[in-house]
Amino acid sequence: MASPPGDVMSDSPATSPRASSDMISSSESILSKLMVSPQTIPEGVTVEHSIMSPTSGEMTSPLSRDSSLKSSRASSRPTRVPRRPPRRSNSANTSVSPAHAFLSSWSKDAGVEPAPEPQPDDEGQAIGLQNEYIIGRTVNQGGCGVIKEVHSITERGERSIRAVKIVRKTIPDTPADENEKAQQELEHEVSVWRHLIHPHILRLHAVYDTDFATFCVMDFNVGGTLFDLVRKSRTSADTNGSGGRKGLDPKLAKSYAYQLASALRYLHEDIRVCHRDIKLENCLVDMTGVVDPDTDPGILRLCDFGLADFLHSDSSLDDSLALAEDHRLNLSPPSSSSAAESNRPTTSSVIGTLEYASPKGLTVHRKLFETAGDLWAFGVIVYVLCTGDLPFKHPMPSKTIELIIQADWDDGALKNAAADGSDSVIELVQGCLEKDIDLRWTVGEVLRSPWLEGCVDLVDVEGVSGGGSVWV
């Protein structure tokens with residue numbers, strides 16, 4: 001009798017001895033496959049131990065039924081493994097170090113600009129026909145130009161230091177009209193300066209005119225100016241009370257006066273040039289090789305020829321202008337206040353420096369092509385060298401102008417400052433500060449003054465030559 005279809009107990013595989021034996025064999029086979037025999041790992045080989053599923057990432061036990069089923073399914077079809085995203089940033093600067101990237105971003109945020117290109121007048125740049133001069137440190141700087149050192153090697157292999165005056169063709173932060181005026185003034189100065197060769201005049205060795213700037217190579221001065229020496233003497237007198245003397249030692253004062261007079265004689269008589277701006281600041285004192293500055297005066301060199309000009313060979317034009325000017329001043333009606341105001345000298349009409357201006361230089365509104373103004377300024381310098389004070393000075397410029405026109409100065413202070421109390425220095429200053437230019441001393445009379453007797457120029461004037469100058 002057949003069993004009912006719903007009764008499965010009688011024929012169940014679990015109750016069958018054969019079925020039980022097959023199940024045991026299957027279990028033993030599975031266990032043998034899962035067991036891993038001990039292995040020897042070679043030295044230096046890295047072995048990863050992972051229980052992560054490459055597809056799902058879930059943590060599963062290798063003994064679970066689900067794991068074995070998934071493994072068996074995976075073996076039946078190819079497994080698509082997704083590509084991992086890269087760990088590095090997708091930035092374009094992947095090869096740049098983090099420190100470099102930080103500094104780069106910081107410099108951009110801080111607005112740091114790259115170093116500018118060197119200019120032709122910067123330190124370390126070369127100038128000259130064969131780049132024979134190397135620009136050095138800055139010595140002095142003015143409104144329109146700068147003075148720097150230049151270094152070169154002589155033909156004998158010795159190092160030479162000179163100075164260069166640099167005026168750019170386009171001066172920074174300067175209006176166009178002032179820039180053009182500066183270029184014209186420099187051209188005029190060079191046109192006179194290039195002809196002057198004298199031991200007591202600052203030597204111009206070469207001029208290089210480029211599209212960027214004009215370079216004027218000249219002697220390098222070590223020591224300062226007469227103004228610096230007088231200021232030092234005044235400071236020493238105020239500090240130490242050295243007999244009340246504010247001026248220089250009489251021997252030094254004589255030596256500097258004699259050297260300056262030698263330069264003026266060369267300008268006035270040999271080259272026929274008037275300087276128009278003689279003052280302490282334009283008298284350089286070169287102390288190169290000087291051991292004792294209290295006894296050795298060094299070498300005085302006159303500089304700054306921006307206002308200098310050649311004297312007219314035919315003075316008829318200048319004389320006619322002077323007569324017309326004098327006629328206009330003498331015939332101006334005194335009752336007219338406007339005319340009187342127009343004839344009154346002002347500081348704006350001064351050509352040069354007010355304290356050194358002559359009476360005629362203050363009353364005419366034009367350049368004077370004459371040497372008398374230089375001799376007036378020379379008398380002012382001799383007075384300052386001896387006394388330490390200006391002969392014409394007042395806190396108000398208008399009062400200073402009145403003192404100059406009246407030629408009102410203290411001769412007693414000059415006499416007290418003289419070494420031997422003689423009147424020879426007073427006679428010299430009086431001759432230079434004479435109001436009447438026809439009676440004013442010439443430079444020849446100055447050099448014949450008893451006050452300068454015994455002065456010897458230690459510089460060999462005859463040994464000076466004009467070779468080696470370059471103008472391009």
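**Helix packing and burial**

Modeller: In helix α10, Leu375, Trp376, Phe378, Gly379, Val382, Tyr383 and Cys386 meet Val425, Leu428, Val429 and Cys432 of α13. Contact here means heavy atoms within 4.5 Å, and helices are DSSP runs (H or I, at least four residues), as strands are (E, at least two), numbered from the N terminus. The model is predicted: local features need pLDDT of at least 70 and side-chain atom pairs count only at pLDDT 80 or more, whereas totals for chains, interfaces and linings use all residues. Residues are numbered from 1 along each chain as its sequence is written, and side-chain values use heavy atoms, with hydrogens and water left out.

Biologist: Why is α13 described as largely enclosed by the rest of the structure?

Modeller: Buried means under 20% relative accessible area, exposed over 50% and partly exposed in between (1.4 Å probe, protein chains only). Of the 9 residues of α13, 7 are buried, so α13 is largely enclosed. Those buried residues are Ser424, Val425, Ile426, Leu428, Val429, Gly431 and Cys432, and they pack against α10, α12 (411-417) and α14 (443-447).

Biologist: What makes α6 roughly antiparallel to α10?

Modeller: Helix α6 (residues 250-271) packs with α10 at an angle of about 170°, their axes 10 Å apart. Axes are lines fitted to C-alpha atoms, for helices over the stretch in contact, and angles run from 0 to 180 degrees between N-to-C directions. Angles under 35 degrees count as roughly parallel, over 145 as roughly antiparallel, 65 to 115 as roughly perpendicular and the rest as oblique. The pair is therefore roughly antiparallel. By class, this contact has 12 nonpolar, 1 polar and 1 charged residues.

Biologist: Why does Gln183 count as buried?

Modeller: Gln183, found in helix α4 (residues 176-193), has 10% relative accessibility and therefore counts as buried.

Biologist: Which backbone oxygen does the side chain of Gln183 reach?

Modeller: The side chain of Gln183 reaches the backbone oxygen of Arg168 at 2.5 Å. Leaving aside neighbours within four places in sequence, Gln183 is in contact with Val167, Arg168, Lys169 and Ile171.

Terms used. Nonpolar A, V, L, I, M, F, W, Y, C, P; charged D, E, K, R; others polar. Polar contact = N/O pair within 3.5 Å; in protein donor to acceptor, adjacent residues only side chain to side chain.
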